[in-house]
Protein chains: 2
Amino acid sequence: MVRTPLTPWERQRGERFGALLRQARGERSMVEVAAAAGISAETLRKIETGRAPTPAFFTVAALAAALEMSLDELAGACAVGSDARALPLPA
Amino acid sequence: MVRTPLTPWERQRGERFGALLRQARGERSMVEVAAAAGISAETLRKIETGRAPTPAFFTVAALAAALEMSLDELAGACAVGSDARALPLPA
DNA sequence: TCTTATACCGGTATTAGTATCACGGTTCTG
DNA sequence: CAGAACCGTGATACTAATACCGGTATAAGA
């Protein structure tokens, strides 16, 4: 095996990650946030829907900047795993 | 063009990013840190040498956790490192 | 000297991230 | 109702990230 396929756990983490971003986006449209982050709206959609479970670091960083959220909180929130219900993220 | 090739600016950013990680690694060996982060040593080497300029978010997150450093300062450090904030929307 | 361990480098294979294209749905305005 | 304009979505194309293998170089130790 040359490149390990994503495990189900990684995909679930990606789904939680996307749900987190979608929630943080709130009322704003995909195109607006995507443009603010400098990525395409389709990419943002894939990340939010979990179809891109492991996006690039700088993509996430730009997205977090556009959403005004912390990378550490973001990583911590979905790294928690099973207990990702509590979202201590205000904005 | 379907997937924009990495720009020279992105590659330089990757080099700064890798240098930052290498500095943070300090005296510890690559295999040790890579094992702690759950990635292969080759991947860590490529990231450190800048040959993988845009690693996955969770890869970086695991690496930052292994190195006990903040993702936010990591992203901020290589963003403001030597570049005066280029356009977030290249084109 | 020989062995071992670490790091670096090249190539290769395969999955996955990202962008462009094209379509359906909704809302608004004429 | 027609058309535009926006949003979200699916399919497709292509590059990059990740991992494995072999080889090389250097340094420490038996």
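Helices (H or I, at least four residues) and strands (E, at least two) are DSSP runs, numbered from the N terminus. The model is predicted: local features need pLDDT of at least 70, side-chain atom pairs count only at pLDDT 80 or more, and totals for chains, interfaces and linings use all residues. Residues are numbered from 1 along each chain as its sequence is written, and chains are lettered from A and ligands numbered from 1 in the order in which they are written.

**View 1. The surface near DNA strand D.** A residue is near a strand if its C-beta atom, placed from the backbone, lies within 6 Å of it. DNA strand D is surrounded by 28 residues, and the closest are Arg3(A), Ser29(A), Met30(A), Thr43(B) and Thr54(B). At least two residues of this surface come from each of α2 (30-37) and α3 (41-49) of chain A and α3 (41-49) of chain B. By class, the surface has 14 nonpolar, 7 polar and 7 charged residues. Here Ala, Val, Leu, Ile, Met, Phe, Trp, Tyr, Cys and Pro count as nonpolar, Asp, Glu, Lys and Arg as charged, and the others, Gly among them, as polar.

**View 2. Where chain B touches chain A.** Contact means that the C-beta atoms of two residues, placed from the backbone, lie within 7 Å. In this sense 13 residues of chain B are in contact with 13 residues of chain A. On the chain B side, α4 (57-67) and α5 (71-79) give two or more residues each, and α4(B) gives the most, with 4 residues. This side divides into 10 nonpolar, 2 polar and 1 charged. The copies meet through the same surface, because 85% of the interface residues of chain B are also interface residues in chain A.

**View 3. Helices α2 and α3 of chain B.** The axes of α2(B) (residues 30-37) and α3(B) are 8 Å apart, and the helices pack at an angle of about 105°. Axes are lines fitted to C-alpha atoms, for helices over the stretch in contact, and angles run from 0 to 180 degrees between N-to-C directions. The two helices are therefore roughly perpendicular, a term for angles of 65 to 115 degrees. Met30(B), Val31(B), Val33(B) and Ala34(B) of α2(B) make the contact with Ala41(B), Leu44(B) and Arg45(B) of α3(B). These residues comprise 6 nonpolar, no polar and 1 charged.

**View 4. Residues between α1 and α3 of chain B.** Gly18(B), Leu21(B) and Arg22(B) in α1(B) meet Ile47(B), Glu48(B) and Thr49(B) in α3(B). The contact holds 2 nonpolar, 2 polar and 2 charged residues.

Note on methods. Angles under 35 degrees count as roughly parallel, over 145 as roughly antiparallel, 65 to 115 as roughly perpendicular and the rest as oblique.
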